[in-house]
Amino acid sequence: MRTHDLIGIGVGPFNLGLACLAEPLDDLDAVFLEARDDFSWHPGMLLDDATLQVPFMADLVTLADPTSPYSYLNFLKDVGRLYSFYIRESFFPLRREYDDYCRWAAERLTSIRWGQPVTRVEHDGEAYVVTSATGEAWRGRRLVLGTGTAPRLPFEVEGPALHSADYLSRKADLVSTGSITVVGSGQSAAEVYADLLAEQEAHGFELTWLTRSPRFFPMEYTKLTLEMTSPEWTSYFQALPGATRSRVQAGQQALSKGISSETINAIFDELYRREALGGVDTTLLTATEVRAAQWDGERYTLDLHHTEQDVSGRLTTESLVLATGYTSSVPEFLAPVRDRLRLDEQGRYAADGSFSVSHTDDVFVQNGEEHTHGFVAPDLGMGALRSSVILAGVLGREPYRVEKRIAFQEFGMPDRFRSPSEQPAEQLARSTS
């Protein structure tokens with residue numbers, strides 16, 4: 001059996017970016033396995049006018065290699081839309097266009113094996129053996145896990161409730177019911193609510209939006225805040241104790257879980273228009289937590305708790321859309337090699353600075369390390385940097401230069417400001433020599 005240098009499992013945007021950056025490297029033999037028959041990126045949320053929340057430079061490759069043939073700009077040139085994009089004067093591509101771009105890149109790669117759902121990973125003493133449901137097997141010295149995240153359900157749900165990940169495929173059924181409730185506080189919840197609001201006049205359903213957040217808060221895009229999407233912030237965050245990381249992360253909702261200001265304003269303008277024309281048949285509730293959802297065969301009864309008033313309530317609705325985010329987990333197919341992995345007390349990947357999650361530094365993770373590396377883990381803008389770091393760890397050299405410092409600000413107390421008793425040992429040695 002041929003032994004590859006690297007086997008990537010899962011082909012979402014992050015491992016697709018890694019595959020693009022690996023393709024021109026003559027000293028790297030890489031193969032990528034994907035369960036699906038072709039590339040697909042959140043198809044349930046590819047709304048016609050939805051845009052990315054990151055600029056086009058956060059594509060698969062540009063922040064690692066601006067000259068790559070797999071860049072977003074090269075895609076636009078190839079399909080004849082580069083000048084249109086230039087005249088449009090917006091850094092933010094349409095979400096459907098980004099999905100088209102990823103498909104375009106994937107079609108040009110020779111390293112991807114589609115229709116290969118991985119069922120088992122073993123180690124034969126020298127390398128990993130990866131087996132798919134088709135019975136085919138691949139052997140590789142290193143693994144890169146890009147299996148993505150799964151819809152998160154914060155409470156037990158019965159009945160036909162759907163996650164926003166499946167919204168478009170179920171939209172026709174939704175708008176034919178008498179009442180719809182959207183649960184969530186981020187961009188996906190806002191986009192689903194706005195899309196349903198546009199359909200409400202034609203279909204006549206009641207529409208409710210519930211969020212446990214204290215307000216419909218906007219994503220923070222100020223430039224010094226955006227410096228936190230940097231290698232310095234990632235290193236600083238990773239060095240914090242686990243309990244401190246959890247506390248810091250809890251206070252960063254506006255950095256990753258907020259709504260674009262444009263979406264919030266568009267929703268308000270539509271509500272204002274409705275009010276001017278005679279009324280608004282919709283309810284928006286903040287600081288309201290859904291604790292349970294019971295299904296009686298026709299409708300849901302939601303148990304509610306207002307977190308600021310500390311009072312309980314109930315809401316009945318025929319349809320329920322949960323825009324409650326995503327979560328990562330360690331796949332079952334890794335069970336035979338679980339003893340080789342570094343996992344924390346909660347069974348999550350314990351990724352180090354090179355995104356390695358194995359004791360022998362031969363297994364890496366993409367977008368499964370938010371608890372160790374911070375809110376930037378799922379950010380598309382960090383994909384190229386993470387791939388560059390992983391490739392450097394695999395090859396022992398930097399095929400793409402890894403920036404160590406890009407921010408004007410410093411994170412953490414600088415050594416020069418620390419009191420003598422808290423100076424690092426090497427710093428004290430230099431100052432006393």
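**Close-up 1. Glu 97 within helix α4 of the predicted model.** In this predicted model, Glu 97 is part of helix α4, which covers residues 95–107. Its relative accessibility is 11%, and because buried means under 20% relative accessible area, Glu 97 counts as buried. When its neighbours within four places in sequence are left aside, Glu 97 is in contact with Tyr 72, Phe 75, Leu 76 and Arg 81.

**Close-up 2. The open sheet of four strands.** The strands of this open sheet follow the order β1-β7-β6-β5, and their pairing is mixed. At the edges are β1 (3–4) and β5 (118–123), each of which pairs on one side only. Strand β5 is joined to strand β6 (residues 128–132) over five bridges, and the two pair in the antiparallel sense. Within this part of the sheet, Arg 120 has Thr 131 in β6 as its bridge partner.

**Close-up 3. Asp 310 in a loop between two strands.** The loop that holds Asp 310 lies between β15 (300–306) and β16 (311–317). Although Asp 310 is not a glycine, its phi is positive, at about 55 degrees. Asp 310 has a relative accessible area of 59%, and since exposed means over 50%, this residue is exposed.

**Close-up 4. Phe 355 in the loop between β18 and β19.** Phe 355 is placed in the loop that runs between β18 (326–327) and β19 (363–365). Phe 355, which is not a glycine, has a positive phi of about 70 degrees. With a relative accessibility of 7%, Phe 355 counts as buried.

Key. Residues numbered from 1 in each chain as written. Predicted model: local features only at pLDDT ≥ 70, side-chain atom pairs only at ≥ 80, totals over all residues. Heavy atoms only, no water. Buried < 20%, exposed > 50% of the residue type's maximum accessible area, 1.4 Å probe, protein only. Contact = heavy atoms within 4.5 Å. Pairing = 2+ DSSP bridges.
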